[in-house]
Amino acid sequence: MPLFFPPNNRLTFSSGTAVTRNSANAAGDATAQTMATITIPPNAMGANGCVNLFTYWTYTNSANAKTIRARWGGTGGTLILSAAPTTTTSINMTKLVHNVNATNAQAFMTNSVASLGSASAGTPGTSAVDTTAAFTIILECLWAGATAAESITLASYLVDLTYAA
């Protein structure tokens, strides 16, 4: 449920309810599974608004590649975050996506996993989602192939949206 703060032109969505995916040791482990769908209301961003996405994930510590990602604009939308951790147990991922003087033109830093304040030498990522209509941000995960006895948990997320005309 979003919270809207009119004095600051901000909208916040969050979930601290953990969602876990367990591997099945089958081919389906390599298929992306949606862990959360966040719907952004129509016209919430304005032509120069931005969305800050913060996610916290935990997973089995193993050599098996686990892919954790976020898509802007729904299933099959623009990939804005992606990481494939192995021998660790958790990851925080953040992304800032902003409209670029139009409600259907976005830009974002292309580093897959970047901390706040980090620099990039790459070309900024772009998207063309029409933010005058409702759209979704999808948080999803998968393994590289059939994997036995592992789990990936979306522990929490926060979406902080700021409207700017």
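**Notes on an all-strand predicted model**

1. Let's begin with the charged pairs: the structure holds 4 salt bridges, a salt bridge being a side-chain nitrogen of Lys or Arg within 4 Å of a carboxyl oxygen of Asp or Glu. One of them joins the side chains of R10 and D160, at 2.0 Å from N to O. Because R10 lies in strand β2 (residues 10-15) and D160 in strand β12 (residues 151-162), this pair ties together parts that are 150 residues apart in sequence. R10 counts as partly exposed at 30% relative accessibility, while D160 is buried, with a relative accessible area of 11%. Here buried means under 20% relative accessible area, exposed over 50% and partly exposed in between (1.4 Å probe, protein chains only).

2. A word on how to read all this. This is a predicted model, in which local features need pLDDT of at least 70, side-chain atom pairs count only at pLDDT 80 or more, and totals for chains, interfaces and linings use all residues. Residues are numbered from 1 along each chain as its sequence is written, and side-chain values use heavy atoms, with hydrogens and water left out.

3. On confidence, the chain averages a pLDDT of 89, and 88% of the residues score at least 70; pLDDT is the predictor's confidence in each residue, from 0 to 100. The mean is lowest in strand β1 (residues 3-5), at 52, and highest in β11, at 97. Where pLDDT is low, the predicted coordinates should not be read in detail.

4. The overall make-up is simple to state: 0 helices and 12 strands. Both are DSSP runs numbered from the N terminus, helices being H or I with at least four residues and strands E with at least two. Of the 165 residues in the chain, 42% are buried. Among contacts (heavy atoms within 4.5 Å) between residues at least 6 apart in sequence, 72% join residues at least 24 apart.

5. R69 and E140 form another salt bridge, at 2.5 Å from N to O. This pair links β6 to β11 across 71 residues, and again both partners are buried. R71 joins R69 and E140 in a network of salt bridges.

6. Which residues form the aromatic pair? They are W72 and F135, in a tilted arrangement with 4.9 Å centre to centre and 50° between the planes. A search of the whole structure finds 1 such pair. The rule covers rings of Phe, Tyr and Trp (its six-membered ring) with centres within 6.5 Å; planes under 30 degrees apart count as stacked, over 60 as edge-to-face and the rest as tilted. W72 lies in β6 and F135 in strand β11 (residues 135-143), so the pair ties together parts that are 63 residues apart in sequence. W72 is buried at a relative accessible area of 1%, and F135 is buried at 5%.

7. Finally, the neighbour of β6. Strand β7 (residues 78-83) runs antiparallel to β6, joined by 5 bridges; two strands pair if DSSP finds at least two bridges between them. I68 has A83 in β7 as its bridge partner. The two strands form a hairpin with 5 residues between them, and G73 in the turn has a positive phi of about 100°.
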